[in-house]
Amino acid sequence: MSVYTPLSHSQLATVLDSYGYRLLDFRAASHGIENSTFLIEAEDRHQQPAPLVLTVFETLDHDALAPYLVLLANLAGQDLPVPAPLTNHDGEHQITVAGKPAVLMPRLPGEHDFAVDLDRCRQVGTLLARLHQCDTGPLHTLPNERQRLKTLAAQLSQLPEEHREGAAALLSDWQARPAGTTLIHGDLFRDNLLWQQGRISALLDFYNACLDYPEYDLAVTLNDWCVDSHGKPVAEREQALLEGYRGHGGQLDDSLLLEALAVAALRFWLSRLAGPVSAHSEGQGSKDPEEFARIFQWRIEALAG
């Protein structure tokens with residue numbers, strides 16, 4: 001992930017000491033654009049290797065972060081491959097690093113691997129089906145995706161003129177729907193999974209999670225996993241992912257999914273037009289808005305046709 005808040009060896013060593021770990025080495029993660037994330041090699045008090053991840057949050061404050069930490073602990077307890085936050089010597093899940101909220105977590109096994117094939121698409125569909133069937137009882141304090149979309153509506157004026165009216169109408173229609181009640185990840189791009197021996201080993205970055213329609217979550221995922229380099233949908237991948245989803249208890253409304261695909265493409269087009277979190281970062285920074293402009297074009301044409 002891009003690093004907006006650089007940390008020194010001594011700063012990280014101090015953080016780890018408060019959890020009972022000794023810092024050996026660290027590096028900035030290279031994927032994602034919202035927070036500052038560090039991959040850490042450490043030893044525990046028994047001198048056993050302890051791979052860790054420290055995330056420093058660039059936009060969430062402590063109060064806003066709290067429900068996500070409840071969510072992560074809840075999902076880890078339901079046997080999903082999700083890292084749960086660690087607790088320091090003071091019993092805290094959250095700490096402050098460089099004046100910003102931060103969380104230390106175990107680093108789950110596996111590596112990023114951006115290859116896409118039909119088997120992987122099925123695995124992703126299966127994982128989403130499992131997530132969407134999780135108990136949401138203790139998670140009512142999660143934010144509403146509709147508020148995020150409302151905020152992004154300010155970016156509609158940055159769209160090419162030929163798209164503004166249609167995009168505004170699409171967003172207005174979607175926002176008029178009552179929010180769904182299913183737990184969704186909201187950001188299941190390829191850089192938010194780890195793989196080990198061809199199998200999913202970790203699902204990461206739940207900081208866009210909320211309660212909404214499963215079709216919206218599927219749409220976000222399909223728009224990354226199941227399009228080619230020109231943004232054109234790849235039918236075989238879509239079919240495999242949806243087979244994995246339906247085959248493990250996932251249920252969806254096909255007409256709602258068609259609309260959600262266009263809304264999700266618009267959502268990430270607008271968020272990329274809004275720019276990076278900071279103009280001063282180490283790493284990849286903001287991603288190319290044109291990628292989602294192309295995807296949106298395909299999705300809006302399918303919705304209209």
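**Exercise 1: a charged pair**

Find the salt bridge that Arg107 forms with Glu41, where the closest N and O atoms are 2.6 Å apart. Then work out where each partner sits and how exposed it is.

*Solution.* Before we start, note that this is a predicted model, where local features need pLDDT of at least 70, side-chain atom pairs count only at pLDDT 80 or more, and totals for chains, interfaces and linings use all residues. Residues are numbered from 1 along each chain as its sequence is written, and side-chain values use heavy atoms, with hydrogens and water left out.

Step 1: check the cut-off. A salt bridge needs a side-chain nitrogen of Lys or Arg within 4 Å of a carboxyl oxygen of Asp or Glu.

Step 2: Arg107 is in the loop between β5 (100-106) and α3, while Glu41 belongs to strand β2 (residues 36-43), so the pair links distant parts of the chain, 66 residues apart. Helices (H or I, at least four residues) and strands (E, at least two) are DSSP runs, numbered from the N terminus.

**Exercise 2: helix α7 and its surroundings**

*Solution.* Step 1: get its length. α7 has 12 residues and reaches 16 Å from its first C-alpha to its last, close to the 16 Å expected. That expected span is 1.5 Å times one less than the number of residues.

Step 1: list the buried side. Glu238, Ala240, Leu241, Leu242, Gly244 and Tyr245 are buried in α7. The buried residues of α7 pack against α3 (118-132), α6 (214-225), α8 (254-273) and α9 (289-304), with contact meaning heavy atoms within 4.5 Å.

Step 2: follow the charges. Glu243 meets Arg122 in a salt bridge (3.8 Å, N to O). Since Glu243 lies in helix α7 and Arg122 in helix α3, this pair ties together parts 121 residues apart in sequence. Glu243 is partly exposed at 40% relative accessibility, and Arg122 is partly exposed at 35%. Arg246 pairs with Asp254 in a salt bridge, their closest N and O atoms being 2.8 Å apart; Arg246 is partly exposed, at 42%.

Step 3: zoom out. The structure holds 14 salt bridges.

**Exercise 3: aromatic rings**

How many aromatic pairs does a search of the whole structure find? Pick out two and describe them.

*Solution.* Step 1: count. The search finds 10 aromatic pairs. Rings of Phe, Tyr and Trp (its six-membered ring) pair if their centres lie within 6.5 Å; planes under 30 degrees apart count as stacked, over 60 as edge-to-face and the rest as tilted.

Step 1: take Trp174 and Tyr216. Their ring centres are 6.0 Å apart and their planes at 35°, so the pair is tilted. Trp174 is in helix α5 (residues 161-176) and Tyr216 in helix α6, 42 residues apart. Both Trp174 and Tyr216 are buried.

Step 2: take Trp269 and Phe296. This aromatic pair is tilted as well, at 5.5 Å centre to centre and 50° between the planes. Trp269 lies in helix α8 and Phe296 in helix α9, so the pair ties together parts 27 residues apart in sequence. Trp269 counts as buried at 3% relative accessibility, and Phe296 counts as buried at 1%.

Technical notes. Buried means under 20% relative accessible area, exposed over 50%, partly exposed in between (1.4 Å probe, protein chains only).
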